[in-house]
Amino acid sequence: MDKMKNLFTTGEAAEICNISQQTIIRCFDSGKLDGFRIPGSRFRRIPRENLIKFMKENGIPMDNLDMKAVGRIKILIVDDDEEIVELMVDVLTRDGRFEIRTASSGYDAGLLTQQFMPDVMILDYMLPDVNGNIVCQTIKRNPEFENIKIIIVSGVVNQEEIQNLLDSGATEFIRKPFNISELVEKILLTVESEQMQS
């Protein structure tokens, strides 16, 4: 998992350079930052060496680049069950491969998704203010969040609902109560399959 990341989204490049995503997009579109668009889409990708060149030309410190390269997987846990959240945070933090944030409502999840740009969201199906379908659809409708993988956890879902969730954009489904090591495995598989494709 610790292999260096060689391709960045505009969001990741903005985070590494510590400037706004709009600035990165402007530099990309004006040719100051070289990259390419994914054929048939609006998505921009910036190869690592181009980002380094851009950072050197603009006197941007390289500190964040290596942090990102070490590649701790960013996870946003969205669940209103404090005990489950505590357990997940405890296990995932001890594992050392993950950087964690938590939210207990769909509203908080929306804000944190913008700020934190997680690689994986672990989403409880029944949140106090909204159900998992809505969160999945909202995230998948936003091109900035195209790479976020969503793992749904729930105790009260029938097969049809599971299918609806997967159709709405969820990557995986885990039934509660679940084995925490199964969850870690699912997270790693989800992220690795994304890296194979990218």
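Helix α5, residues 82–95, supplies the largest share of the negative patch, three residues. That is where I will start. Helices here are DSSP runs of H or I with at least four residues, strands are runs of E with at least two, and both are numbered from the N terminus.

Before going on, a word on the source: this is a predicted model, where local features need pLDDT of at least 70, side-chain atom pairs count only at pLDDT 80 or more, and totals for chains, interfaces and linings use all residues. Residues are numbered from 1 along each chain as its sequence is written, and side-chain values use heavy atoms, with hydrogens and water left out.

Back to the patch. Which residues form the negative surface patch? They are Asp 80, Asp 81, Glu 82, Glu 83, Glu 86, Asp 108 and Asp 129. A patch takes residues with over 30% relative accessible area and no salt bridge, and joins like charges within 9 Å. Asp and Glu count as negative, Lys and Arg as positive, while His and the chain ends are not counted. The charge is placed at CG of Asp, CD of Glu, NZ of Lys or CZ of Arg. Accessible areas come from the Shrake-Rupley method with a 1.4 Å probe.

Take one member, Glu 83, which is found in helix α5. Is Glu 83 buried or exposed? Glu 83 has a relative accessible area of 68%, and exposed means over 50%, buried under 20%, and partly exposed in between. So Glu 83 is exposed.

Now the whole chain. It has nine helices and eight strands. Of its 198 residues, 45% are buried. Its C-alpha trace spans about 55 × 35 × 30 Å along the principal axes. For 198 residues, a compact globule would have a radius of gyration near 16 Å, and the chain's 17 Å agrees with that. That radius is taken over C-alpha atoms, and the globule rule is 2.2 Å times the number of residues to the power 0.38.

Next, salt bridges. Side chains of opposite charge can pair when their charged atoms come close. The cut-off is a side-chain nitrogen of Lys or Arg within 4 Å of a carboxyl oxygen of Asp or Glu. How many salt bridges does a search of the whole structure find? It finds 11.

One of them joins Lys 74 and Glu 15, with N to O at 2.8 Å. Lys 74 lies in strand β4 (residues 73–78) and Glu 15 in helix α1 (residues 10–17), so this pair ties together parts that are 59 residues apart in sequence. Lys 74 counts as buried, at 5% relative accessibility, and Glu 15 as partly exposed, at 35%.

Another is formed by Lys 176 and Asp 79, at 3.1 Å from N to O. Here Lys 176 sits in the loop between β8 (172–175) and α9 (180–197), and Asp 79 in the loop between β4 and α5, so the pair ties together parts that are 97 residues apart in sequence. Both residues are buried.

Glu 57 and Lys 53 also form a salt bridge, the closest N and O atoms being 3.2 Å apart. They are four residues apart in helix α3 (residues 48–57), which means that about one helical turn separates them. Glu 57 counts as exposed at 52% relative accessibility, and Lys 53 as partly exposed at 47%.

Finally, Asp 29, Arg 37 and Arg 44 are linked in a network of salt bridges.

Key:
Patch = residues over 30% accessible without salt bridge, like charges linked within 9 Å, V, L, I, M, F, W, Y side chains within 5 Å. Buried < 20%, exposed > 50% of the residue type's maximum accessible area, 1.4 Å probe, protein only.
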